[in-house]
Amino acid sequence: MARSDGSQGAFLTETPLGTVGLLWRETGADRRSSGFCPRPSPERLSSGSSATSPIRKLRDSPEVAELGRRIDRFLHGEPVAFDLGILALADCPGFQREVLLAESRIPRGWVSTYERIAQSVGAPRAARAVGTALAQNPFPLVVPCHRAIRADGDLGGFQGGRAMKRALLELEGIRFAASGKVTLEKVWY
DNA sequence: TAAAACTAAAAGG
DNA sequence: CCTTTTAGTTTTA
């Protein structure tokens with residue numbers, strides 16, 4: 001796939017959840033990093049470009065174009081699968097990588113808790129560190145970090161804010177109690 | 001070493 | 001039921 005070296009890209013798109021951004025960057029010979037940016041700020045978008053790495057148009061890259069289409073369909077409620085192969089997981093610290101992989105195994109329509117994810121990666125006391133790892137998730141949505149909630153059903157945090165987290169979960173059919181907590185009926189792990 | 005998208009327990013409404 | 005406080009944890013910058 002002929003593509004220029006070290007290029008990066010960023011673009012905005014309108015979705016049912018508002019204007020979101022998609023950032024894209026080549027991190028190596030054939031390794032790319034792509035992500036959904038729930039709160040696209042001008043600074044965040046421009047951080048993906050520099051004088052030495054001009055922004056390329058999204059549609060110039062077939063993989064990123066496809067990712068953009070899938071994100072769009074996802075945000076319209078369609079159950080779509082994402083290709084983890086385009087993510088630069090190797091650039092993440094080991095623990096975070098394990099957490100992100102565990103997170104990716106949570107099916108649509110299910111949630112898990114920070115605690116149970118910690119258990120699943122062999123660090124049963126590290127619930128808080130799981131939260132930290134997910135807070136730094138470079139690939140929101142593609143790695144569905146919105147499916148991690150607190151042990152008591154409380155939403156926990158989200159880069160795009162709790163309202164967006166809730167909207168994403170509702171999009172996936174997750175049920176909420178009147179208290180605002182998730183009903184813990186379908187908990188993965 | 002401090003900070004963080006956590007958790008559990010305790011205290012007081 | 002709710003809230004705040006406190007303490008115990010692990011990983012990362």
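## Two domains in contact

In this predicted model, 16 residues of domain 1 are in contact with 16 residues of domain 2. Both domains belong to chain A: domain 1 covers 7–86, and domain 2 covers 93–171.

The size of an interface is often given as the accessible area lost when the parts come together. Here, the two domains bury about 1,500 Å² between them, and 74% of that area is on carbon and sulfur atoms. On the domain 1 side, strand 3 (32–37) and helix 2 (62–75) each provide at least two of the residues that touch domain 2. Sorted by type, the residues on this side are 10 nonpolar, four polar and two charged.

What about salt bridges and polar contacts? Between domain 1 and domain 2 there are zero salt bridges, and one residue pair is in polar contact across the interface.

## Meeting the DNA

Now let's turn to DNA strand B. It is surrounded by 14 residues, and the closest are Tyr114, Arg128, Ala135, Arg150 and Ala151.

Which element gives the largest share of the surface near DNA strand B? That is helix 5, with six residues. The residues of this surface are seven nonpolar, four polar and three charged.

## Reaching the bases

A polar side-chain atom of Tyr114 is 2.8 Å from one base nitrogen, and a side-chain N or O atom of Thr132 is 3.0 Å from a base nitrogen. Leu134 takes part through its backbone, where an N or O atom lies 3.1 Å from a base nitrogen.

Key. Residues are numbered from 1 along each chain as its sequence is written. Chains are lettered from A and ligands numbered from 1 in the order in which they are written. This is a predicted model: local features need pLDDT of at least 70, side-chain atom pairs count only at pLDDT 80 or more; totals for chains, interfaces and linings use all residues. Side-chain values use heavy atoms; hydrogens and water are left out. Domain bounds come from an automatic or database domain assignment. Contact means heavy atoms within 4.5 Å. Buried area is the accessible area (1.4 Å probe) that two parts lose on being put together, summed over both. A salt bridge is a side-chain nitrogen of Lys or Arg within 4 Å of a carboxyl oxygen of Asp or Glu. A polar contact is a pair of N or O atoms within 3.5 Å; within protein, one must be able to donate a hydrogen and the other to accept it, and residues adjacent in sequence count only if both atoms are side-chain atoms. Helices (H or I, at least four residues) and strands (E, at least two) are DSSP runs, numbered from the N terminus. Ala, Val, Leu, Ile, Met, Phe, Trp, Tyr, Cys and Pro count as nonpolar, Asp, Glu, Lys and Arg as charged, and the others, Gly among them, as polar. A residue is near a molecule or strand if one of its heavy atoms lies within 4 Å of it.
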